[in-house]
Amino acid sequence: MAEATTQVLIFTYGTLKQGHGNHHLIQDLILQQDAIFLGFHVTHQPHPLVIGPHGIPYLINVPGHGHQVKGELYSVSTRGLVRLDELEGISIGHYERLPIELYEEGKEGVLVAAEAYFAHRSFGERLWERKGKVGLTEFGEEEGKGYVGIEDRPHGCDVLHDITSFLSYNSEEL
């Protein structure tokens, strides 16, 4: 890790995971010594994990609903955290970074306190409801095929507008 930085444990469950569309950022952070892979982890409590517009995965902050979610844990420097927050749109209300309890896969007895990027509270629960309160246990290879990266979205695409539009559609129109 870079000198004189604080480490933050970050749970990744979607496109930042190995083999997915935004993992290149994690790889860059590792090369810059701003992140270390700590292993595969699972959420202690169930949480909704759904896929929204553009195939973007969202963890919803409604503990006790959905499933225990599988993902990866990284120790990230404060410098690396700035880059992750930027990707996740913290400043624009796309995601919010919140505490979560995990355990290492296969070691249910030892809890780890970390943080994860959750769908912003302004739309998270409505997205869970809109998806029929049916969630995933993992954003896997098949789900990853549906992800549309920022560079491949239509010019001028605004993901928050697209979420609002998705949430406002009458289900009979789908």
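This is a predicted model: local features need pLDDT of at least 70, side-chain atom pairs count only at pLDDT 80 or more; totals for chains, interfaces and linings use all residues.
Biologist: Which feature does UniProt place at residues 10-121?

Modeller: Over residues 10-121 the chain is 17% helix and 40% strand. The end C-alpha atoms of this stretch are 19 Å apart. The name comes from an unreviewed UniProt entry, which gives the feature as "domain: Gamma-glutamylcyclotransferase AIG2-like".

Biologist: Is strand β5 largely enclosed by the rest of the structure or open, and how many of its residues are buried?

Modeller: Strand β5 covers residues 70-77. A residue counts as buried when its relative accessible area is under 20%. The strand is largely enclosed by the rest of the structure, because the number of its residues that are buried is 7 of the 8.

Biologist: How many bridges join strand β2 to β5?

Modeller: On β1, Phe11 stands opposite Leu73 in β5, and 6 bridges join these antiparallel strands. Strand β2 (residues 35-43) also runs antiparallel to β5, and Val42 stands opposite Lys70 in β5. The number of bridges between β2 and β5 is 7.

Biologist: Is Lys17 buried or exposed?

Modeller: Lys17 is found in the loop between β1 (7-12) and α1 (23-31). Its relative accessibility is 5%, and the limit for a buried residue is under 20%. Lys17 therefore counts as buried.

Biologist: Which backbone oxygen does the side chain of Lys17 reach?

Modeller: Leaving aside residues up to four places away in sequence, Lys17 touches Thr12, His23, Lys70, Gly71, Glu72, Glu138 and Phe139. One of these residues supplies the backbone oxygen, which the Lys17 side chain reaches at 2.9 Å. That residue is Phe139.

Biologist: How far apart are the closest N and O atoms of Arg97 and Asp85?

Modeller: Side chains of opposite charge can pair when their charged atoms come close. Arg97 forms a salt bridge with Asp85, and the pair links distant parts of the chain, with Arg97 in strand β6 (residues 95-104) and Asp85 in helix α2 (residues 78-87), 12 residues apart. Arg97 is partly exposed at 28% relative accessible area, whereas Asp85 counts as buried at 17%. The closest N and O atoms of the two residues are separated by 2.8 Å.

Biologist: Which residues are linked with Arg97 in a network of salt bridges?

Modeller: Glu115 also forms a salt bridge with Arg97, its closest N and O atoms being 2.6 Å apart. Here strand β7, which holds Glu115, is linked to strand β6, which holds Arg97, across 18 residues. Glu115 is partly exposed, with a relative accessible area of 23%. The residues linked with Arg97 in the network are Asp85 and Glu115.

Biologist: Which parts of the structure does the pair of Glu96 and Arg121 tie together?

Modeller: The side chains of Glu96 and Arg121 meet in a salt bridge with an N to O distance of 2.6 Å. The two residues are 25 residues apart in sequence, so the pair ties together strand β6, where Glu96 lies, and the loop between β7 (111-119) and α3 (124-130), where Arg121 lies.

Biologist: How many salt bridges does a search of the whole structure find?

Modeller: Those discussed above include Arg97 with Asp85 and Glu96 with Arg121. For the whole structure, the number of salt bridges found is 8.

Notes
Residues are numbered from 1 along each chain as its sequence is written. Side-chain values use heavy atoms; hydrogens and water are left out. Helices (H or I, at least four residues) and strands (E, at least two) are DSSP runs, numbered from the N terminus. Buried means under 20% relative accessible area, exposed over 50%, partly exposed in between (1.4 Å probe, protein chains only). A polar contact is a pair of N or O atoms within 3.5 Å; within protein, one must be able to donate a hydrogen and the other to accept it, and residues adjacent in sequence count only if both atoms are side-chain atoms. Contact means heavy atoms within 4.5 Å. A salt bridge is a side-chain nitrogen of Lys or Arg within 4 Å of a carboxyl oxygen of Asp or Glu. UniProt positions are given in the numbering used here, feature names are shortened, and annotations may be inferred rather than shown by experiment. Two strands pair if DSSP finds at least two bridges between them.
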